[in-house]
Protein chains: 2
Amino acid sequence: MKRIKMTVAYDGTNYCGWQVQPNGITIEEVLNTHLSKLLKEEIRVIGASRTDSGVHALANVAVFDTKARMPGDKISFAMNQRLPEDIIVQGSEEVPSDFHPRYCNSVKTYEYKILNRTFNIPSYRLNTHFVYVPLDVEAMKQAAGYLVGRHDFRSFCTPRTQVNDFVREIYALDVSKEGDIITMRISGSGFLYNMVRIIAGTLIRVGSGYYAPEYIPEILEKKDRNAAGPTAPARGLTLIKIDYPLDEDEITD
Amino acid sequence: MKRIKMTVAYDGTNYCGWQVQPNGITIEEVLNTHLSKLLKEEIRVIGASRTDSGVHALANVAVFDTKARMPGDKISFAMNQRLPEDIIVQGSEEVPSDFHPRYCNSVKTYEYKILNRTFNIPSYRLNTHFVYVPLDVEAMKQAAGYLVGRHDFRSFCTPRTQVNDFVREIYALDVSKEGDIITMRISGSGFLYNMVRIIAGTLIRVGSGYYAPEYIPEILEKKDRNAAGPTAPARGLTLIKIDYPLDEDEITD
């Protein structure tokens, strides 16, 4: 028995998110089906990030155990012969049997992309959120600064979330503009349900002048979802990477 | 009666190209249908570039005549309320009644995008051509240099094309790389059928080492389609812009 870590990129447009659910097809389900056929045993992957319906990934991580003899690094090639063109394995490798994609100190990086111009561009519509009101990027940068660090993010979390601790740490939150595209890049050890999209929706309100940047600390203070902006649409969000810190053994290696 | 010039962006993935044809839905047909409904008269647009099935555009040009009172610049907004999300009008304006989108000295600029890495990325798959063989961009640049200028491009044209004159002028042909994306940007007054995609397919052969850059003048010399590389897939091609030179009246205006 060996444990395999697979890095997976997908266009989330046509999927009901990562996690298996009764009402529609999911990334996890497609991976389970094709891995099971390929390796001729029932495979159940564990995902690092259970992305929502419509959210994309360049590098989500899926882990599974297998008795199959196929070398870990060959699984990516074999899987890409079978997968639909909107899910592509970017790499696979054998990992220690105690590696779990969620229960370790990983750093997740997401990007939220906004297309900011008078009219939408069809080729960009699946991966960016279109906003026609001109956005003030400097104000958005200033607002983002207030969110970096360790805070209670209850105001930036969908109310129905079943967690006890709303404190999370944002390591970095950068807003940049290139041409008509505004990119919000955020890194942290973990995020609450819809947190990244609510931050994006709130920064868009700042950029449009609806909120002053200085209102952000007040939103955090209120610990109330109604104080923040709307949840920005899924299509603008992409999971860019998940970094797993080296443990001491690997560092001294 | 007034003549309207409309700039149109589209994702060509789900269309059988620009020109109306019996076997599938086309961009021209969708524009005719919605313009006719909007303006309550039968409208037939004339397109500047009759792009192929699967080819995209940021700014193709469609021209039509109408008796409707709606101001020229308002037509874009009204049309975008009606069009599907993969066709979006970028602007509309009244033009002189003798303006024809094809019979004048315009400059067309296309980009062909290649994603060059080990595995494809799902989010890029509709707008780039994926090539896993590492491509030598410097060799491609050198090869491109031989194509710039006025040449008989018979070797770079689908044989069934019904034209008498195969001489065309390429004003600029630049190859650049950013991250994993190689972009071939080409400008000219006009191109033969499939010419841009055959040039792309030929430059990919140069990049992969299959052709030496110095073989390009020989391909031109041969005036034989079989001498050049394959027609690269439509999905990588986007019509970027069409520049119409100002006539003297406008310059002195």
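How many salt bridges are there over all chains? In this predicted model, the count comes to 30 salt bridges over all chains.

## Relation of the two chains

## Domains of chain A

The domain assignment divides chain A into domain 1 (2–95) and domain 2 (107–242). Their C-alpha centres lie 28 Å apart. Between them, 15 residues of domain 1 of chain A are in contact with 15 residues of domain 2 of chain A.

The unreviewed UniProt entry carries the annotation "domain: Pseudouridine synthase I TruA alpha/beta", which covers residues 8–103 and 143–245 of chain A. For residues 8–103 of chain A, the end C-alpha atoms lie 19 Å apart, and the span is 20% helix and 26% strand. For residues 143–245 of chain A, the end C-alpha atoms lie 29 Å apart, and the span is 24% helix and 30% strand.

## The annotated site and its surroundings

Which residue of chain A does the UniProt annotation "active site" cover? The unreviewed entry places this annotation on Asp52(A). Asp52(A) is in the loop between strand 2 (46–47) and strand 3 (56–66) of chain A. Leaving aside neighbours within four places in sequence, the contacts of Asp52(A) are Gly17(A), Tyr193(A), Asn194(A) and Arg197(A).

One of these contact residues, Asn194(A), is found in the loop between strand 9 (181–188) and helix 4 (195–207) of chain A. Is Asn194(A) buried or exposed? With a relative accessible area of 15%, Asn194(A) is buried, because buried means under 20%. Besides Asp52(A), Asn194(A) is in contact with Phe156(A), Thr158(A) and Thr231(A), when neighbours within four places in sequence are left aside.

Side chains of opposite charge can pair when their charged atoms come close. In chain A, Glu41(A) forms a salt bridge with Lys67(A), with the closest N and O atoms 3.6 Å apart. This pair links distant parts of the chain, 26 residues apart: Glu41(A) lies in the loop between helix 1 (27–39) and strand 2 of chain A, and Lys67(A) in the loop between strand 3 and helix 2 (75–80) of chain A. Glu41(A) is buried, at a relative accessible area of 17%, whereas Lys67(A) is exposed, at 61%.

In chain B, Asp180(B) forms a salt bridge with Arg117(B), and the closest N and O atoms are 2.8 Å apart. Asp180(B) lies in the loop between strand 8 (167–178) and strand 9 (181–188) of chain B, and Arg117(B) in the loop between strand 5 (107–116) and strand 6 (129–131) of chain B, so the pair ties together parts that are 63 residues apart in sequence. Asp180(B) counts as partly exposed at 31% relative accessibility, and Arg117(B) counts as partly exposed at 24%. Asp243(B) forms a salt bridge with Lys241(B), the closest N and O atoms being 3.5 Å apart. Asp243(B) is partly exposed, with a relative accessible area of 34%, and Lys241(B) is partly exposed at 33% relative accessibility. Salt bridges that share partners also join Asp11(A), Glu85(A), Arg125(B) and Arg235(B) into one network.

## Cysteines

How many disulfides are counted over all chains? The count comes to zero disulfides. Cys157(A) is buried, with a relative accessible area of 1%. Cys16(B), by contrast, is partly exposed, with a relative accessible area of 29%.

Ala200(B) lies in helix 4 (residues 195–207) of chain B. Ala200(B) is buried, with a relative accessible area of 1%. Not counting residues up to four places away in sequence, Ala200(B) touches Tyr112(B), Met184(B) and Ala232(B). The C-alpha atoms of Ala200(B) and Val175(B) are separated by 10 Å, and the two residues are 25 residues apart along the chain.

Technical notes. Residues are numbered from 1 along each chain as its sequence is written. Chains are lettered from A and ligands numbered from 1 in the order in which they are written. This is a predicted model: local features need pLDDT of at least 70, side-chain atom pairs count only at pLDDT 80 or more; totals for chains, interfaces and linings use all residues. Side-chain values use heavy atoms; hydrogens and water are left out. A disulfide is a pair of cysteine sulfur atoms within 2.5 Å. Buried means under 20% relative accessible area, exposed over 50%, partly exposed in between (1.4 Å probe, protein chains only). UniProt positions are given in the numbering used here, feature names are shortened, and annotations may be inferred rather than shown by experiment. Helices (H or I, at least four residues) and strands (E, at least two) are DSSP runs, numbered from the N terminus. Contact means heavy atoms within 4.5 Å. A salt bridge is a side-chain nitrogen of Lys or Arg within 4 Å of a carboxyl oxygen of Asp or Glu. Domain bounds come from an automatic or database domain assignment.
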